[in-house]
Each structure stands twice: as C-alpha cells, then as structure tokens.
Amino acid sequence: MEAPNDPEPMSRGQAVAYALGLPLSLLVLLFLPAGGLNWRPGWLFVAVLVLGFGVSALVLARINPVIYRARSRFQPGTKGWDKSLLAVILPAMVAILPIGALDAGRFHWSSVPNWVMALGYAAILAGITITAWAQAVNPFFEPGVRIQSERHQKVIDTGPYRLVRHPGYVAALLLFFGMALALGSLWALIPALIAAALLVVRTAWEDRLLRAELADYTDYARRVRGRLIPGIW
C-alpha cells in the first residue's frame, strides 16, 4: 500500500497573508458598518474571537499540525454540490458580522439583554472548543466534502466523534448563532439561520456520501446514531 499523500503545506507568504488577513478582515467587517472604532462591544467581540481561535491554533499546532495542510484550501475532488452549498453558506456566515455591527453598533434596531449576549459568547467559546477537539483527533477534517482516498481516509470514532457523527457542524451552528447574539443583534440571526439551514442540508448529503463510499462508515453510523444531537438526530 502506498504511503498517504497529505496536502502540500502553505507557503510562508500564504501563511503570513492568512495570519494577517483574517484579523484585518474581521476589523473591517465590524467597524466599518459600525461607523467607527469607538464601538467597545465590537472590541470585546474581536478579543474573544482572536483569543479563542488563537489558543486553539496553538494547541492544534502541537497535537495535530497536519490539520493546517488539510484546512488550508479546497482540495481536488471536492464535490460540486458542496461547492454550491458553500457559495451560499460562507457569504451568509460572513454577513453575520456587518449586519450585527450595523444593527448593534450604529442604528440600534435590536434590544438584546446582556444575559442573552453572554449566552452568545458562551456559544462562541463552546463552538471554538468543539472545533478544536474535532480537529485534534481527525486529520481528515477538510473544508470541502470529498473522499480522501489519497490520504487513506478512515472513520474517526474518538473524541467528540463518539457522541455525534459531525461535531464540526455542531460547532459551526453554535458559532453562527453565538456571533449574532454576542454582537447584540437580532437582525444578524437572519443570515445565521440561512447558513444553519444549508449546513444541516450539507450534513445530510455528506452523511449519505460517507455511507456510500467510506469503508466502515455505515457500521459507525449504527453505533453513533446522532448526526448533530447525541443519540437523537
């Protein structure tokens, strides 16, 4: 059997652009629609995201560094239907930020209690934690849906995969709704709902693909019954 062929690593320039571009994009998406840099809740939001994802990145760099190759780009063989879904899911996810900032930071259309915003932050931190946990145990955690035959993909049934078959999607749902609520915006729940609905569709379609093409996945699905909710659904 041939050795697994892992994806090529990002170049140094790509890594630097990725490390600088994401925080800068976050600032633009929040403070431009908010109308200025003096929106304190926006800075709290940035601090929580940067700190949360920063800590998880440092942990993953030690536990499962190959994940950065797998997550760096869409790989050949990504299903066309998945690209179509992501063409809507990703913009909807990104839209949570400027809509939330426009609402809570400039026009104040929504009235969200502090305890609801706190729940939003709890959901964000839970989402980051679950994502990091899933990536720590699953080297096949890629951004696109495909069968990674060149990497000898196999079923992962440890960590959060003992509880649900798609913990990364559970984390994404927590992040979608958590970001909207943490920003204090009910209007931002609209793109969150759109992204969440399509993500549930993606979960079902990916599950169907894995049952059909990944060895031992059907047996795994019998043992772990929940796609998103442990033991239920």
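This is a predicted model: local features need pLDDT of at least 70, side-chain atom pairs count only at pLDDT 80 or more; totals for chains, interfaces and linings use all residues.

Me: What makes α5 and α6 roughly antiparallel to each other?

Reply: The axes of α5 (residues 114–137) and α6 (residues 167–182) cross at roughly 155°. The cut-off is over 145 degrees, so α5 and α6 are roughly antiparallel. Their axes come within 7 Å, and α5 passes α6 in a left-handed crossing.

Me: Which residues meet there, and how do they divide into nonpolar, polar and charged?

Reply: Among them, Ile124 and Ile128 are on the α5 side, with Leu174 and Met179 on the α6 side. The contact of α5 with α6 has 17 nonpolar residues, four polar and no charged.

Me: Why is the pair Asp157 and Arg223 called a salt bridge?

Reply: The N to O distance between their side chains is 3.7 Å, and the limit is within 4 Å. Asp157 sits in the loop between α5 and α6 and Arg223 in helix α8, so the pair ties together parts 66 residues apart in sequence.

Me: What about Glu142: which salt bridges does Glu142 form?

Reply: Glu142 pairs with Arg146 at 2.8 Å and with Arg151 at 3.6 Å. Glu142 and Arg146 are buried, and Arg151 is buried as well. Together with Glu150, they are linked in a network of salt bridges.

Terms used. Residues are numbered from 1 along each chain as its sequence is written. Side-chain values use heavy atoms; hydrogens and water are left out. Axes are lines fitted to C-alpha atoms, for helices over the stretch in contact, and angles run from 0 to 180 degrees between N-to-C directions. Helices (H or I, at least four residues) and strands (E, at least two) are DSSP runs, numbered from the N terminus. Angles under 35 degrees count as roughly parallel, over 145 as roughly antiparallel, 65 to 115 as roughly perpendicular and the rest as oblique. A crossing is left-handed if the near helix is turned anticlockwise from the far one by less than a right angle, and right-handed if clockwise. Contact means heavy atoms within 4.5 Å. Ala, Val, Leu, Ile, Met, Phe, Trp, Tyr, Cys and Pro count as nonpolar, Asp, Glu, Lys and Arg as charged, and the others, Gly among them, as polar. Buried means under 20% relative accessible area, exposed over 50%, partly exposed in between (1.4 Å probe, protein chains only).
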